[in-house]
Amino acid sequence: MKFTRRDFIKSTAAAGAAAGIPQFAASPAGAGAAPVQSSRLETFTDWIAADRATRKRGLQQCLDRIRELDPSIHAWVVVQPERPTADGPLSEIPFGVKDIVETKGMATEYGSPLYKGRVGTADAAIIRDLRSRGAILLGKTVTTAFAYRTPGPTRNPRNLDHTPGGSSSGSAAAVAAGMVPFTIGEQTRGSMIRPASFCGVTGFKPTYDLLPTEGMLPFAKSLDTLGLYTHTPADMIALWKAMGKPVAGAEQFPFAAPEPIPECDPEMANAFRQSIALLRRSGITIKSIDIAGDLKKLVEAGDVLESYEGARVHEARLKQFGDRLDQNVANLVRNGLKVPAERYDEAKRLIAESRTRFAEIFKSTPVILTPAAVGPAPLGLSTTGDPRMNGPWTALGTPAVSIPMPVASGLPLGLQLTADLGQDSRILPAALLLYQRLTPPKHPPA
């Protein structure tokens, strides 16, 4: 049996019981969730350091926490724990995956009511890889319809009145709420980094095509990129290593930051300036670069690629479903089919030329710092926010990471790091270094 949002509270039989996966504990009060234990595993670092017995108990704590919080957050489409296919460094560690990724025997509905009840017929490559390393697929997280603009029901765990961002809304929210130690998301423009900024977690979009997209619903093949969410950069490094990926040692090099700052909300501009100043005071070298014009051109070029390719991916759905198709996707198809091939080719040339220009910048300043979003998470669920802070780097295919910046009050704000193509092993330690400099040490109570 599986758990959907509607029957999550009513049902108490989790899938996988026959394979020994723990079930939901009955609430001692007879309603709601069992209290979350103070000793529960929280971050991925906690999980990777724990022994197998502790990890097995931790799975039950995840299920309890989902049962407690998801009725108000709506991060999950279905919770259906599945046994891994092997032992490995991720043994007994649960994860969630965005519901555009194919999962055998589990709901794969693309965030669309047109596909409600659809069950996947095969595991995507990323699912096979993680399960082969011992990870437990816990369930599917909510996405916007077809990973485009129409929001789903997910709310921001930091403030339920605000969006968690999109399109990887459920994946970011599930980690932010402490429901699971890591999740898989996907980015076509800003769908990984922006939700990380809005929800106050660490989001990592690797170099384009570094993680396999086989079995993932395509949108714009030149842009679609799988990514990961964890609580902190230290967690991300531990996860990346557990996935068999290299991570560089500590390095010292100058960073870069745009001057002028890309146009954004006052809260973000102020937080970005203060973070840059704090990092400089801590001894980090940050050089100013003028890339405003380049970023604007890349946003426009990425829009062309998304429109042109997305229209051709979803054209058959518009023909099949007509007016029943999500309106944003239908409009994308109609408008995108009008984009001339010459304009599409011109956009691709601009992106290729920009890669050469930024490769030169990265030679002297290996990591560039920018705001991770235009501002804090917008109020309400009618929009998932503006992706223009992330679009340039998605178009270039470069790796990007969002880490939380210090904010005195209010919603989270993220600092975005990006590096040259293939420099994923360098950007993660850089993200950890900056996170440590930006995060005040926790002092034990006197």
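1. Let's begin with the second largest pocket of this predicted model, which holds about 370 Å³ of space. It is lined by 22 residues, and those closest to its centre are Tyr148, Arg149, Arg189, Glu306 and Pro387. By class, the lining has 5 nonpolar, 12 polar and 5 charged residues.

2. The largest share, 5 residues, comes from H9.

3. Now turn to the largest pocket, with a volume of about 450 Å³. Its lining is made of 17 residues, and Thr43, His231, Thr232, Tyr435 and Lys442 lie nearest the centre. Here the classes come out as 6 nonpolar, 6 polar and 5 charged.

4. The buried ones are Pro233, Asp235, Met236, Ile237, Ala238, Leu239, Trp240 and Ala242. What do the buried residues of H6 pack against? Their partners are the helices H1 (44-49) and H12 (424-438), together with the strands S5 (182-187), S6 (202-205), S7 (225-230) and S11 (400-404).

5. The end of H6 has details of its own. Glycine 244, just after the helix, takes a positive phi of about 80°. Lysine 245 lies over the face of tryptophan 240, at 5.9 Å from the ring centre; tryptophan 240 is one of the buried residues of H6.

6. On to the aromatic rings. The model has 12 aromatic pairs. One of them joins phenylalanine 253 and phenylalanine 255, with 5.1 Å centre to centre and 40° between the planes, a tilted arrangement. Why does phenylalanine 253 count as buried? Its relative accessibility is 16%, and buried means under 20%, so phenylalanine 253 qualifies. Phenylalanine 255 counts as buried too, because its relative accessibility is 2%.

7. Another pair brings together phenylalanine 358 and tryptophan 393. Their ring centres are 5.4 Å apart and their planes meet at 80°, so this pair is edge-to-face. It links distant parts of the chain, 35 residues apart: phenylalanine 358 belongs to helix H10 (residues 341-364) and tryptophan 393 to helix H11 (residues 391-396). Both residues are buried.

8. Finally, look for a cluster of rings: Tyr110, Tyr115, Phe146 and Phe321 are linked by ring pairs.

Methods
Residues are numbered from 1 along each chain as its sequence is written. This is a predicted model: local features need pLDDT of at least 70, side-chain atom pairs count only at pLDDT 80 or more; totals for chains, interfaces and linings use all residues. Side-chain values use heavy atoms; hydrogens and water are left out. On a 1 Å grid over the protein atoms alone, a cavity is a set of points where a 1.4 Å probe fits but cannot get out, and a pocket is an open set with protein on both sides within 12 Å along at least five of seven lines; lining residues have an atom within 4 Å of a point. Grid points are joined across faces, edges and corners, and a volume is the space filled by probe spheres set on the points. Ala, Val, Leu, Ile, Met, Phe, Trp, Tyr, Cys and Pro count as nonpolar, Asp, Glu, Lys and Arg as charged, and the others, Gly among them, as polar. Helices (H or I, at least four residues) and strands (E, at least two) are DSSP runs, numbered from the N terminus. Buried means under 20% relative accessible area, exposed over 50%, partly exposed in between (1.4 Å probe, protein chains only). Contact means heavy atoms within 4.5 Å. Rings of Phe, Tyr and Trp (its six-membered ring) pair if their centres lie within 6.5 Å; planes under 30 degrees apart count as stacked, over 60 as edge-to-face and the rest as tilted. A charge sits over a ring if NZ of Lys or CZ of Arg is within 6 Å of the ring centre and within 35 degrees of the ring normal.
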